Amino acid sequence: MSAFSKRKPWRGLGLRRERLHGYWFIMPAVVLILLLIAVPLGRAFWTSLFRTRGLRSTFVGFDNYMHLLTSPGFWDSLRISLVFTISCVAAHMILGLALALLLNRVVFARRLLRIGFLAPWIVAPSIGAIVWVWLLEPQFGVVNYLLASAGLIDRYQAWLGSPGLALTSVILVDVWRGTPFVMLLLLAGLQGIPKDQYEAAELDGASGWQQFKWVTLPNLRYLLIVASTLDIIYTIRHFDIIAVMTGGGPIGGTEVLPVLIYNTAFTQNDFGRASAIGILLLGIILIFSIFYLRMTKPGRAMEA
């Protein structure tokens, strides 16, 4: 057999043609991504290099970034964002896992309970926030009435009127809405655990806590990492609930970074600095996104 026949150059040509056809097939998606993501992102970065007020723009380079990095207001907003995100994600994971375990074991009215627990997640965030503003109203709100009737408070509280209570209130509302998302992910993971592992643990005399520790958690480890990372990415850019309930107030007590972007752009009419805050927030989100992509590699999934 000749060397030419062994090499079979036409096979390489066929592979190159198939690869070229594949590029043509993904071209519409690439163009759409460029139009919907890359172009607005590039425009936002370009705007962040200007001092923009209304129709007047002055090129200032990276002065907006330098101002933010030396601004106490920006760092205070970042601190509030981190407190909000860490508190919400921790509560989402704990309550989501507890509800997933409950729904995985319950038999009576299982479908009705699942729909009930998922209801907060189905409701639009802005609509849910409006409802909670009414419930937390100082004089006529249901929350104050119920707590006072139970003897838990001695006077009606202005839940959205002081920085500490306002931040706690929006955290609790976000926990109410965000927990079903984590619950749904973990419930799917629980239903995928082989039952023979629990049967083997019972034969070995393992208690309920030992089964949870040595069977449930190891099987959910990968899904817990993915769920928490996705939840962090979603929560740190959260806007709807806080914007509707407090608008970042009172006295900036709930002004997380997305709300700071809105207030800087549309209240202070400074679109350049608002774009700079958005780019910095994007950098924070990219860190968690890269971590998520690394953890969701097929090899990582098999290891977990």
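**From values to words**

Colleague: Why is Asn269 called partly exposed?

Modeller: The relative accessible area of Asn269 is 32%, and the scale, computed with a 1.4 Å probe and protein chains only, calls a residue buried under 20%, exposed over 50% and partly exposed in between; Asn269 is therefore partly exposed. Please keep in mind that this is a predicted model, in which local features need pLDDT of at least 70 and side-chain atom pairs count only at pLDDT 80 or more, while totals for chains, interfaces and linings use all residues. Residues are numbered from 1 along each chain as its sequence is written, and side-chain values use heavy atoms, with hydrogens and water left out.

Colleague: Where is Asn269 found, and what is the value of its phi?

Modeller: Asn269 is found in the loop between H12 and H13, and its phi is near 60°, a positive value in a residue other than glycine.

Colleague: How do you know whether Thr264 is buried or exposed, and which residues does Thr264 touch?

Modeller: Thr264, found in helix H12 (residues 257–267), has a relative accessibility of 4% and therefore counts as buried. Contact means heavy atoms within 4.5 Å, and, not counting residues up to four places away in sequence, Thr264 touches Asn269, Asp270, Arg273, Ala274 and Ile277. A polar atom of the Thr264 side chain also lies 2.7 Å from the backbone oxygen of Leu260. A polar contact is a pair of N or O atoms within 3.5 Å; within protein, one must be able to donate a hydrogen and the other to accept it, and residues adjacent in sequence count only if both atoms are side-chain atoms.

Colleague: What makes Thr168 buried, partly exposed or exposed?

Modeller: Its relative accessible area is 41%, so Thr168 is partly exposed. Thr168 has its place in helix H8, where its side chain reaches the backbone oxygen of Gly164 at 3.0 Å.

Colleague: What makes Ile279 and Thr47 buried or exposed?

Modeller: Ile279, in helix H13, has 18% relative accessibility and so counts as buried, and Thr47, in helix H2 (residues 9–47), has 16% and therefore also counts as buried. Leaving aside neighbours within four places in sequence, Ile279 is in contact with Leu41, Ala44, Phe45 and Tyr65, whereas Thr47 is in contact with Thr52, Phe271, Gly272 and Ser275.

Colleague: How are H10 and H13 oriented to each other, and why?

Modeller: Helix H10 (residues 208–236) and helix H13 (residues 271–295) pack at an angle of about 165°, with their axes 10 Å apart. Axes are lines fitted to C-alpha atoms, for helices over the stretch in contact, and angles run from 0 to 180 degrees between N-to-C directions. Angles under 35 degrees count as roughly parallel, over 145 as roughly antiparallel, 65 to 115 as roughly perpendicular and the rest as oblique, so H10 and H13 are roughly antiparallel.

Colleague: And how are H4 and H8 oriented to each other, and why?

Modeller: The axes of helix H4 (residues 72–105) and helix H8 (residues 163–191) come within 6 Å and cross at roughly 40°, and H4 and H8 are therefore oblique to each other.

Key
Helices (H or I, at least four residues) and strands (E, at least two) are DSSP runs, numbered from the N terminus.
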